[in-house]
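Hi,

Here's the structure I promised to pass on.

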Amino acid sequence: MDTPADISQVTDAARAAARVLANAPTQLKNRGLEAIAAALIERADQILAANAEDLARGRAEQMSDGLLDRLALNTDRLWSIAEAVREIVALPDPIGQVVRGGRTEIGLRVTQERVPLGVVGIIYEARPNVTIDAAALALKAGNAVILRGGSAAQASNRVLIDVCRDALSSVGLPPDAISTVDPWGRGGARAMMRARGAIDALIPRGGAGLINAVVEESRVPVIETGTGNCHVYVDASADLEAAEAIIMNAKTQRVGVCNAAETLLVHADVAPRFLVAAVTRLTTAGVTIHADDATRAIIAGNPSIDADMIVEATEADWETEYLSMDLAVGVVASVDEAVEHIRRYSSGHTEGIVASDVRTIAAFRSGVDAAAIAINASTRFTDGGQLGLGAEVGISTQKLHARGPMGLGELTTTTWVYEGDGTIRP
């Protein structure tokens, strides 16, 4: 199969669809989104059967629990995905929004307005929910989207994309607004990365290996999402009961996601009180603790803690995004030491602090460099839906164009429009 030629057919069809979407009224785009949400529920049995096929193959291939959790769909998750699509319907259409404007000294009327990116390519792995999130956000922002969802979710994504395309056709929108290169496997992904001029922006979403490969190999402009080596720092001024609840939620509520906590840092003044209780709860929940010397000294011999769940932290632990029931734990002498540790090992995703002292919080905010900072709250809130953006296409950890959860606004670019009255430049 001549992959580049076949991909050009996909990209040509997507560009034609993008031209239609760029001028589609909000009401029509919303009708398309409503049709997708309804079809997800109507065809739930078909979607879940395909997902069961993917899960069975993943277990046979000994996929990690974290990746299996990302891959898994059930009735509740499917309803949540459909509801997220409906939430996008309720969001303001970004297209045509005026970012800024005014009148120049010689009388030109100037506006900077949001317009679609055009054709957006998204390469991701083992996340069928991203198929719908990406399709829905791209549609509302007036873009066509080309998806490469990876072999792990191939059956799920095939059905989900069929559902979306059928839904668009049912309301008179071009089905090629949502397409896939999955039939070409990795060759399709490579062709996407070389489709400069045919794809306007490429967004990788997945592990470090996938993201680095796309960033290094792509000729198409990349909006880089990042891995989540997220930290929670518990200060001496923290409400320790709240801190315990926060780290339990940040680590165990869902482990296979990029906003889950991977490292806990505790101020030395409260470590003896806090760590025994927190580690007891964490290990009871099944979390293996990768502990530094100070942590092991504090919890050693405590009858409430299973010693088999405690291992010695290595240098690699501090820089690892586990995506599993593992947590690196260390004791620090100050907020400055916590910030220094985070700046050394952070992936720039989400960093959290539990504290009541305003000067400590200010020092943390100004010291860390991250797409999101959680103050007295779980890192699990770094999510487009949780932060009021509707669904998201990923969490950008870069500093150009978009940073943090990428919602509708981040899937647009801008055009400058200036209007005169026969005005010429002096």
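This is a predicted model: local features need pLDDT of at least 70, side-chain atom pairs count only at pLDDT 80 or more; totals for chains, interfaces and linings use all residues.

Residues are numbered from 1 along each chain as its sequence is written, and side-chain values use heavy atoms, with hydrogens and water left out.

Salt bridges

The whole structure contains 16 salt bridges, each being a side-chain nitrogen of Lys or Arg within 4 Å of a carboxyl oxygen of Asp or Glu. One of them pairs D200 with R15, at 3.2 Å from N to O. D200 sits in the loop between α8 and β6 (201-205) and R15 in helix α1 (residues 3-22), so this contact ties together parts that are 185 residues apart in sequence. Helices (H or I, at least four residues) and strands (E, at least two) are DSSP runs, numbered from the N terminus. D200 is partly exposed at 27% relative accessible area, and R15 is partly exposed at 27% too. For burial, the cut-offs are under 20% relative accessible area for buried, over 50% for exposed, and partly exposed in between (1.4 Å probe, protein chains only).

E419 and R109 also meet in a salt bridge, at 3.5 Å from N to O. That pair links distant parts of the chain, with E419 in strand β16 (residues 412-419) and R109 in strand β2 (residues 109-116), 310 residues apart. E419 is partly exposed at 46%, and so is R109 at 26%.

Then there's D182 with R148, where the closest N and O atoms are 3.3 Å apart. D182 lies in the loop between β5 (178-180) and α8, while R148 is in strand β4 (residues 144-148), so the bridge ties together parts 34 residues apart in sequence. Here both partners are buried: D182 has a relative accessible area of 17% and R148 has 10%.

Backbone

Most residues other than glycine have a negative phi. A126 has a positive one, near 55°. A126 is in the loop between β3 (119-124) and α6 (128-140), and is buried at 4% relative accessibility. N376 has a positive phi as well, of about 55°. N376 belongs to the loop between β13 (372-375) and β14 (395-396), and is partly exposed at 38%.

Surface charge

R186, R190, R194 and R219 gather in a patch of positive charge on the surface. Patches are made of residues with over 30% relative accessible area and no salt bridge, with like charges joined within 9 Å and nonpolar side chains (Val, Leu, Ile, Met, Phe, Trp, Tyr) within 5 Å. Within that group, R190 is in helix α8 (residues 185-193) and is partly exposed at 42%.

Cheers

Conventions: Accessible areas come from the Shrake-Rupley method with a 1.4 Å probe; for residues, only the protein chains shown count as cover. Lys and Arg count as positive and Asp and Glu as negative; His and the chain ends are not counted. The place of a charge is taken as NZ of Lys, CZ of Arg, CG of Asp or CD of Glu.
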